[in-house]
Amino acid sequence: MNEYNWKIEHQCPQCGAPVILDEADRLLFCPFCRTRLYLTTPDHFRYHIPIAAINSADLVYIPYWRLKGNGFLVQAREVAPRFIDINSLAVDNKKLPASLGLRPQVMNLKFTSPDMPGRFLQANMSSAGIMKNMDKMIDAASPEKIMKTDMVFTEIMKNIEKAGPIVTLGRSLMADLLVAGLMSDKDIMGDAAMPESAVFYHTVIGEVISLIYSPGYIEKDILYDAFTRKPILPWREEEMQILLSDAKPPNWQIRFVSTLCPRCGWDLEGEKNAVVMTCRNCDSVWNCPKDTFEPVPFSVMPNTSKDAVMYLPFWRMTPRCEGITLSSYADLIRAANLPKAVQPAYETQPVYFWSPAFKVNPALFIRLARQMTLLQPPVELNESFGGASVHSATLPMTEAVESMMITLACVITDKRRMYPKLANIKATADDVMLVYHPFRITLRELIHLSAPLAIDRQALNLGVHL
Ligand SMILES: [Zn+2]
Ligand SMILES: [Zn+2]
């Protein structure tokens, strides 16, 4: 199954042994010296396709954005899930190849670092000009928000519109979730003649965004592809100078963070693609938003079963909405038209949005988010795992917060009236908690101990590759 993900080869910073990482891995585990380190980067992970036997003076790397994640389109009749796996040229230059093709899927990538030989074309598709436009589009958004996918995604979509069918879809096992054509202009803009295809809102959740540098070389004033040895374009130094980045900024370097519990010094636990680590010694939960581990508020729901149980993590968010009233359970009952009489107490009962804290295919993701949000499971504070087995959280809190708009679109019943207003609705989270829910393990499914919720085990395993 691993061939569906790109592999990254890296030397253990401790002993120098080669370690193969999966694209989504955040933990480097060295099987030789048993070093465990958590990987972070201030912005994007940068990889290159390694090439030997090229004079470094002739070597030129061309950057491509790589985006993979769960896309959701809110359309007139449904919220359509999309598995998105694309790469697209990150340089504003029409003569360079528009996409990487399938190349990286057949060879191991390496991290790109400032001390590497060769020259690099700048990923100028995220230039200040586009930033400015995004700034206008996302009012009052934080700089992190602007840096995020939506911008890169918009750029890639623009590029697709310009260049035609350059999209390469990942060969996923979940073929039924793949979309052949991604989105058309019509989908994005909306079209009065085809209201069913109009897209009122779209986002990508749980995405991996990285820059992939593909090598080329200059020979007799021509830039060649280093693999196919085919000419790409006539190389005019003065013309290309503007696209070359001489100084590689130091933040290109990936950072390694110790995986010892900041509170008690015990080894933190987590799967290799975990974004949240747990300490089973002092019962604490940690994430690494920058380059140190920070505590995550969490609660473990009581295990009432004698059978084998697996804890699955869910993010629980207290919404703060603009453009729609959604601050109590009563508001949710009205918005979702739940078959329940609104009792006076419901008007003051807090409402929460829920999202899986693990990666699964987009259809299952949105089903779970919707079900949990409609169920509003009660949470009692309990910060002890009691030795139970835990599935690692692999979906960052920030991505869960982004899913709130899609969950909202799923629960709203008055779609005709509300969907056109979605663009003006803002949903952020005031307060987020990681809640571990116990599921009974059966042959094929994990079944929630108290809520009517079941998850296919195969789908959960496949989520590792998303
Ligand atoms: Zn090692
Ligand atoms: Zn600890």
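Two residues are in contact if their C-beta atoms, placed from the backbone, lie within 7 Å. Keep that in mind, and let's start.

What you see is a predicted model, in which local features need pLDDT of at least 70, side-chain atom pairs count only at pLDDT 80 or more, and totals for chains, interfaces and linings use all residues. Residues are numbered from 1 along each chain as its sequence is written, and chains are lettered from A and ligands numbered from 1 in the order in which they are written.

Confidence comes next. pLDDT is the predictor's confidence in each residue, from 0 to 100. The chain has a mean pLDDT of 80, with 81% of its residues at 70 or more. Residues 127-154 fall below 50, and beyond near neighbours in sequence this stretch has 21 contacts in the model. Residues 156-194 also stay under 50; there the model has 57 contacts beyond four places in sequence.

Now the overview. The chain has ten helices and 24 strands. Both are DSSP runs, numbered from the N terminus: helices are H or I with at least four residues, strands are E with at least two. Of the 466 residues in the chain, 37% are buried. Buried means that 20 or more other C-beta atoms lie within 10 Å of the residue's own; exposed means 12 or fewer, and partly exposed is in between, with C-beta atoms placed from the backbone. Take the contacts between residues at least 6 apart in sequence: 70% of them join residues at least 24 apart.

On to the core. A nonpolar core is a set of buried Ala, Val, Leu, Ile, Met, Phe, Trp, Tyr and Cys residues joined through C-beta atoms within 7 Å. How many residues does the largest nonpolar core have? It has 103. Among those with the most contacts inside it are Val-74, Val-276, Trp-315 and Ala-393. Strand 6, residues 59-75, gives the largest share of this core, nine residues. Where does this core lie? Domain 1 (43-253) and domain 2 (297-465) both give residues to it, so it lies between them. The domain bounds come from an automatic or database domain assignment. In general, nonpolar side chains tend to be buried together in soluble globular proteins.

Look at Ala-393. Leave aside its neighbours within four places in sequence. It is then in contact with Ala-274, Val-275, Val-276, Pro-313, Ala-357, Phe-358 and Leu-434.

Val-276 takes us to strand 15, residues 276-279. Both of its faces are covered: Val-276 and Thr-278 are buried on one side, Met-277 and Cys-279 on the other. In a regular strand the side chains alternate between the two faces of the sheet.

Strand 15 has a partner. Two strands pair if DSSP finds at least two bridges between them. Strand 15 and strand 16 (residues 284-287) run antiparallel and are joined by four bridges. Val-276 has Asn-287 as its bridge partner in strand 16. The two strands form a hairpin with four residues between them, and Asp-283 in the turn has a positive phi of about 50°.

Strand 16 also has two bridges to strand 17, again antiparallel. There, Trp-286 is partnered by Pro-295. Together we get an open sheet of three strands, in the order 15-16-17. Strand 15 and strand 17 (294-295) are at the edges, each with a single partner strand, so one side of each has no neighbour in the sheet.

There is another open sheet of three strands, in the order 3-4-14, with antiparallel pairing. Its edge strands are strand 3 and strand 14 (255-258), each pairing on one side only. Four bridges join strand 4 to strand 14. Leu-37 stands opposite Ser-258 in strand 14.

Most residues other than glycine have a negative phi. Arg-34 is not a glycine, yet its phi is positive, about 65°. Arg-34 sits in the loop between strand 3 (27-29) and strand 4 (36-40). Is Arg-34 buried or exposed? It counts as exposed, because it has 10 C-beta neighbours inside 10 Å. Asp-221 has a positive phi of about 60°. Its loop runs between strand 10 (199-219) and strand 11 (222-225). With 9 C-beta neighbours inside 10 Å, Asp-221 counts as exposed.

Last stop, Leu-326. It lies in the loop between strand 19 (309-322) and helix 6 (329-336). Leu-326 is buried, because 21 other C-beta atoms lie within 10 Å. Its contacts beyond four places in sequence include Pro-319, Cys-321 and Val-351. Leu-326 and Val-351 are 25 residues apart along the chain, and their C-alpha atoms are separated by 7.6 Å.
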